[in-house]
Amino acid sequence: VVSSVPSLASTWLFARMAQFRAENPDIDIDLRVTEALNDYRKEGIDIGVRLGRGGWPGLNAVKLFDEAMTPVCTPAYRDRHNLRMPADLERTVMLRNPWTPWARWFSAVGLSWPEPTTGPKFDDAPLLLRAALDGQGVALGRQWLAIDELRAGRLVAPFDLAVRDDFAYWLVWPTGKNLNPDAARFRDWIESHAAAEEPPCPISIAEAAE
């Protein structure tokens, strides 16, 4: 039984579940998607994937990967708006998400712009990426959620500049309890895959100005 935050469950994790199943046909996964901080023992959850800073009481935590945010759009949108430098965003539609504000990225790349107040707004990160894939504008995307779209060329990061998120993705499981062999196999498989994967494109991590 695996619990995961929705954002990673519907993107990076979902795309890799079929490979795990192909390599481990004797193991079935019960995937439960939630933002809630579950009580793993009470709810019978073996392993979870969380977005945060780690250090949750009663849980072992291994970092899967740090997260960074970078503008993404379709190649056609990039070319149509001739996006070559960050200031070129001025002539675009900037797609918005309350959990990934643009102002921090603006500050990191030297733009003294306020947070956008117009443009489509989505409180779900995968929906934000879908809007970018639909050519509706430029999204400030989490690179690990967009990884497969970027690798396939359906989305591009026109500036190769990202700002590191305060949160990372973590693999967690209860302390003081041995995982059953199937759950341990899944944990080790996911951990090794995360460690082996490179970010989707060469990105210079910029630190936001305080």
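Tutor: A salt bridge is a side-chain nitrogen of Lys or Arg within 4 Å of a carboxyl oxygen of Asp or Glu. Please keep in mind that this is a predicted model.

Student: What makes the pair Lys63 and Asp66 a salt bridge?

Tutor: The N to O distance between the side chains of Lys63 and Asp66 is 3.0 Å. The cut-off is 4 Å, so the pair qualifies.

Student: Why is Lys63 called partly exposed?

Tutor: Its relative accessible area is 39%.

Student: How many salt bridges does a search of the whole structure find?

Tutor: The search finds 15. One of them joins the side chains of Asp148 and Arg16 at 3.0 Å, N to O.

Student: Why does the pair of Asp148 and Arg16 tie together parts that are apart in sequence?

Tutor: Asp148 lies in helix α6 (residues 147-152) and Arg16 in helix α1, so the parts that the pair ties together are 132 residues apart in sequence.

Student: Are Arg16 and Asp148 buried or partly exposed, and what makes them so?

Tutor: Arg16 has 7% relative accessibility, which is under 20%, so Arg16 counts as buried.

Student: Which residues are linked with Arg16 and Asp148 in a network of salt bridges?

Tutor: Arg151 and Glu197 are linked with them in that network. Glu197 is located in the loop between α7 (181-196) and β8 (204-206).

Student: Why is Glu197 called buried?

Tutor: The relative accessible area of Glu197 is 14%. Buried means under 20%, so the term holds.

Student: What makes the pairing of Glu197 with Trp12 a polar contact?

Tutor: The two side chains are paired at 3.2 Å. The distance limit for N or O atoms is 3.5 Å, and the value of 3.2 Å is therefore within it. Not counting residues up to four places away in sequence, Glu197 touches Trp12, Arg16, Trp144, Ile147 and Arg151.

Student: How do you know that Gly141 is buried?

Tutor: Gly141 has 3% relative accessibility, which is under 20%, so Gly141 counts as buried. Gly141 lies in strand β6 (residues 138-142). Apart from neighbours within four places in sequence, Gly141 is in contact with Ala68, Met69, Thr70, Val72 and Leu129.

Student: What is the volume of the largest pocket, and which residues are closest to its centre?

Tutor: The largest pocket holds about 550 Å³ of space. Of the 30 residues lining this pocket, Glu35, Leu51, Trp99, Arg142 and Phe167 are closest to its centre. By class, the lining has 14 nonpolar, 7 polar and 9 charged residues.

Methods
Residues are numbered from 1 along each chain as its sequence is written. This is a predicted model: local features need pLDDT of at least 70, side-chain atom pairs count only at pLDDT 80 or more; totals for chains, interfaces and linings use all residues. Side-chain values use heavy atoms; hydrogens and water are left out. Helices (H or I, at least four residues) and strands (E, at least two) are DSSP runs, numbered from the N terminus. Buried means under 20% relative accessible area, exposed over 50%, partly exposed in between (1.4 Å probe, protein chains only). A polar contact is a pair of N or O atoms within 3.5 Å; within protein, one must be able to donate a hydrogen and the other to accept it, and residues adjacent in sequence count only if both atoms are side-chain atoms. Contact means heavy atoms within 4.5 Å. On a 1 Å grid over the protein atoms alone, a cavity is a set of points where a 1.4 Å probe fits but cannot get out, and a pocket is an open set with protein on both sides within 12 Å along at least five of seven lines; lining residues have an atom within 4 Å of a point. Grid points are joined across faces, edges and corners, and a volume is the space filled by probe spheres set on the points. Ala, Val, Leu, Ile, Met, Phe, Trp, Tyr, Cys and Pro count as nonpolar, Asp, Glu, Lys and Arg as charged, and the others, Gly among them, as polar.
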